[in-house]
Every structure is written in structure tokens, then in C-alpha cells.
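Here's a quick briefing to read alongside the sequence and the 3D view. Keep the viewer open and click along as you go.

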Amino acid sequence: MAAAQAVDEMRNRVVLGEFGVRNVHTTDFPGNYSGYDDAWDQDRFEKNFRVDVVHMDENSLEFDMVGIDAAIANAFRRILLAEVPTMAVEKVLVYNNTSIVQDEILAHRLGLIPIHADPRLFEYRNQGDEEGTEIDTLQFRLQVRCTRNPHAAKDSSDPNELYVNHKVYTRHMTWVPLGNQADLFPEGTIRPVHDDILIAQLRPGQEIDLLMHCVKGIDNHQACAFAVSGLGELIALFPPDITLLKPVEGEAAEELSRCFSPGVIEVQEIQGKKVARIANPRLDTFSREIFRNEKLKKVVQLARVRDHYICVVARACNPSTLGGQEIETSLSKSKTLSL
Amino acid sequence: MEEDQELERKISGLKTSMAEGERKTALEMVQAAGTDRHCVTFVLHEEDHTLGNSLRYMIMKNPEVEFCGYTTTHPSESKINLRIQTRGALPAVDPFQRGLTELLNVCQHVLDKFEASIKDYKDQKASRNESTF
């Protein structure tokens, strides 16, 4: 029994010991364990695999994938970060820039601004195509001039009072529809995702006047698209699995609950004694505070479940479609190689 | 004999597509002289760990495969070398192709489950909102 348990632990859990982490790599390949059939079986995978959406709103998505291996879950994560296309500013045509921010720095900053536009509605721009067309380009105009505020108090030193338009935000960017874009996209849908990103600061007499072209791109080919994507950080984690090797009672129970993130350990009164119980291991951030406590470190085993992934897609424009998109991209990758 | 011809056609097919100019993804097979086709190194261009690791995992799950590993040759070059050695005389292209189709099936299944889950969640939320009215 003990041996079987140990083998299962080796296969299923990444154990966090006091001085190191054990069983990190996937070992369940055919031939490694006698008595286990580890060959790939699509039916078995389909039976065991599930996706549970924990939380979804318009900016973020948290879901669990159970029954899939690290290699594939990581591939999804990499694709979401790097290969899902986004619209981002690529070319900046500067008509006038008398601000303290140099042209190229300004252009770089503009390229990092996330644009609220669905990239699936656009085509990639052809190589060497200078003028964009309506199917592959979005145009934005940024025209800001800073002036002195005539109504400011005489002895004020607050720039907000003294100057007008001295901070250039993304809300100053106006969309210039090309061709039939005005019909396709209703007013207000094509804009930067956030309108309070500070682009530059000006003083009276300085002006920024430029035209930006946004094109569709992916991280591999567009250096700014990654940060721009705002699409997303996909964080994939193994969920924690905390086991109490021995029951913990009394004062020790209180100490134990303090060693973990709040909500993980619940101290209950049973028959007059305080008993510790694992309430919600998922909340734990694994600070490993327990290993600093000489008495309690032998009582707890910290591990992570190997084939279960908590995926958080944060700061995304449209998280649910993104998730689907990234899986489709990985599909298409394997298709192209299948010849 | 037929297999040989098929393989050669595949390789030559790729070579012509490379000669045609732009190629997005291409695949080469490199084989040491004197070995038969059960140990082969595939060079996959324009690929990185994203496909490499997941494909390696799927191929390793095949009991006929004795060895499977991949490396990125250099971080500046975007290509990977994937080596497959099979037990017995199975040509290495077989587990490679099988790994790709299995990966495809996995992704398809994950996609289906994911979309179903999202739909369920949306439905649940909608019905919860309705019941509060």
C-alpha cells in the first residue's frame, strides 16, 4: 500500500519540500512504471479531461483545465502570450513634435498602447505596402497643443492650474475611419482600451501632431504587439494540495492557520478542542512559512497537483474568445506540419 | 520500396516549396549515414518550444518510441531539432506523423470542451440574473 501510494505521489504530485522541489518532470511515459498503461489513449484523455470556468467577466477569465499535461498547457500559454494576433500601432507619421519626448520614443510609446479592436475583423497588411487600406489598417490622430491658462492664479505653481493640455492621454487620440470603416464600426468601438494612459507631457508652446497606423500583428513579427496585447497574461499554475499528516489541535491549530494564506486553514471547535482543517487550499500562495516553524513543518505536506491547471487570463479585451483563439492557433500549427 | 518513394517525394516536395521563395514553415529530415530510418532528426523551421515540447510529449507517449527529444539550436535561430528513435524497424516518420495527429485531436477536444464550458457558464450566469429579477 505504502509503495503504491509513493508511486502515485511520484506520478501525480509535485512535492514542495523544505529545501527543494521533488517530482518536477512528467514521468508517466510508457515503460517507466510497471503495471501502468501509459500509452496515449485519446478516449481515456477525453474521459478524464474537463474545463471548469471559475470566473469570467469582460476583462478577465479564470478557468481550470484538469487532466492535461504541462507540455500542452504550457503551449497554450505561450501561444496566448505571443501568437494571438492583436491590433497595434506600427507606423507613426509625425507632422509636428515640439515636445520634449523624441519622435522615436513617442512612437515606441504609442506602439505599446492596447487598442480596442477585434483583430479577427482585419487582414494582415502585405509586406511593403506603405499605404494602408481599410481592411488592414486603423488610423488614429493625435493632435494636442499646450497653452498657458489665462485664468490661473498669479502665484500658483501647480501645473494642472497653470497650463491647459499639458498632459497627453490616450483619450486625446481620435479615430479616423478609412473607407467604409465608419459603417462597419459604430461610434466609440474603435478606441484605445484605456483612456487614461499618459503618453507625454507638454509645456506651453509645445505641440504634438501625428497620425498613427495600426495594423494586425503577432508578437513574433511585431515587437510591440506583445505588450500591447494587454490581451493577456495567461498564468497557468498547478493548484495547491496541502495535506495534514497528523491531526493538529489546540494552540498549534491557530499557529498553523497563521502559516498559510487566509482562508486556507479553518480552525473548528470540536468537542471543546480547536482542530485545524484544510478549508480551501486553492487560496494558498505557498509562501512556505510553515517550514520556519520547527514543530509544524513535519505535520504538513505541501504539494501541487500535476495535471490540473488554474489558468487566469487577465487584462484581456475579450477573454473567452481569446481562449478559443489560442487553442485554434495551436491546432493550426500542428496541421501545417502534418503535411 | 513504396515507402522509400513516398519519403523521398515528401522530402523533395518540401525542397521545391523552399525553392519557390517564401516559406513559412518547413521541415527537413536529417539522417546519419549507415543507419536505417528508425533514427531520424527532424529540423522544424520557424518553430520553438511551443510546438516542440508538446509534440515531444505526444511522441513519447507512443510505446514504440525509444527516444524522443528536441532542442532549440540557438535562441537567435528560430528552429528546433527533434530526434526520434524507434524500437525495432518502425520508420521514425510514423511516430512523428502520429504525434502530430494526436496533438491535433487533443487540441480539438480541448477547444470543444472549453467552448462548451464557457457557454455553460454564460447560461448559468444568465439564468442566475433572471432569477434575481
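This is a predicted model: local features need pLDDT of at least 70, side-chain atom pairs count only at pLDDT 80 or more; totals for chains, interfaces and linings use all residues.

A count over all chains gives 13 salt bridges, and a search of the whole structure turns up eight aromatic pairs.

**A salt bridge between the chains**

- B:Lys61 pairs up with A:Asp28 in a salt bridge, with 3.8 Å between the closest N and O atoms.
- This pair joins two chains, because B:Lys61 sits in the loop between α2 (49–60) and β3 (65–74) of chain B, while A:Asp28 sits in the loop between β2 (21–22) and α2 (42–48) of chain A.
- Is B:Lys61 buried or exposed? B:Lys61 is buried, at a relative accessible area of 6%, and the cut-off for that label is under 20%.

**Salt bridges within chain A**

- A:Lys274 and A:Glu254 make a salt bridge whose closest N and O atoms are 3.5 Å apart.
- That pair links distant parts of the chain, 20 residues apart: A:Lys274 is in strand β18 (residues 273–278) of chain A and A:Glu254 is in helix α8 (residues 251–259) of chain A.
- A:Lys274 is partly exposed, with a relative accessible area of 25%, and A:Glu254 is partly exposed with a value of 25%.
- Strand β18 of chain A also holds A:Arg277, which forms a salt bridge with A:Glu266, the closest N and O atoms being 2.9 Å apart.
- A:Glu266 belongs to strand β17 (residues 265–270) of chain A, and the two partners are eleven residues apart.
- A:Arg277 is partly exposed at 36% relative accessible area, and A:Glu266 is partly exposed at 31%.

**The second largest pocket**

- The second largest pocket holds about 490 Å³ of space.
- Which residues lie nearest the centre of this pocket? They are A:Asp28, A:Gly67, A:Asp307, B:Tyr57 and B:Lys61, out of 22 lining residues. Among them are A:Asp28 and B:Lys61, the partners in the salt bridge between the chains.
- Two elements of chain A, α1 (2–12) and α2, each give two or more residues to the lining of the second largest pocket. The largest share comes from α2(A), with three residues.
- By type, the lining of the second largest pocket splits into ten charged, eight nonpolar and four polar residues.

- A:Tyr33 and A:Tyr36 form an edge-to-face pair, 6.0 Å centre to centre and with 70 degrees between the planes.
- In that pair, A:Tyr33 is buried at 12% relative accessible area, whereas A:Tyr36 is partly exposed at 32%.
- A:Phe122 and A:Phe185 count as stacked because their ring planes are at 15 degrees, with the centres 5.5 Å apart; the cut-off for stacking is under 30 degrees.
- A:Phe122 is buried, at 3% relative accessible area, and A:Phe185 counts as buried at 11%.
- A:Trp40, A:Phe45 and A:Phe49 make up one aromatic cluster.

**The annotated domain in chain B**

- An unreviewed UniProt entry lists residues 39–112 of chain B as "domain: DNA-directed RNA polymerase RBP11-like dimerisation".
- That span is 43% helix and 36% strand, and its end C-alpha atoms lie 36 Å apart.

Conventions: Residues are numbered from 1 along each chain as its sequence is written. Chains are lettered from A and ligands numbered from 1 in the order in which they are written. Side-chain values use heavy atoms; hydrogens and water are left out. UniProt positions are given in the numbering used here, feature names are shortened, and annotations may be inferred rather than shown by experiment. Helices (H or I, at least four residues) and strands (E, at least two) are DSSP runs, numbered from the N terminus. A salt bridge is a side-chain nitrogen of Lys or Arg within 4 Å of a carboxyl oxygen of Asp or Glu. Buried means under 20% relative accessible area, exposed over 50%, partly exposed in between (1.4 Å probe, protein chains only). On a 1 Å grid over the protein atoms alone, a cavity is a set of points where a 1.4 Å probe fits but cannot get out, and a pocket is an open set with protein on both sides within 12 Å along at least five of seven lines; lining residues have an atom within 4 Å of a point. Grid points are joined across faces, edges and corners, and a volume is the space filled by probe spheres set on the points. Ala, Val, Leu, Ile, Met, Phe, Trp, Tyr, Cys and Pro count as nonpolar, Asp, Glu, Lys and Arg as charged, and the others, Gly among them, as polar. Rings of Phe, Tyr and Trp (its six-membered ring) pair if their centres lie within 6.5 Å; planes under 30 degrees apart count as stacked, over 60 as edge-to-face and the rest as tilted.
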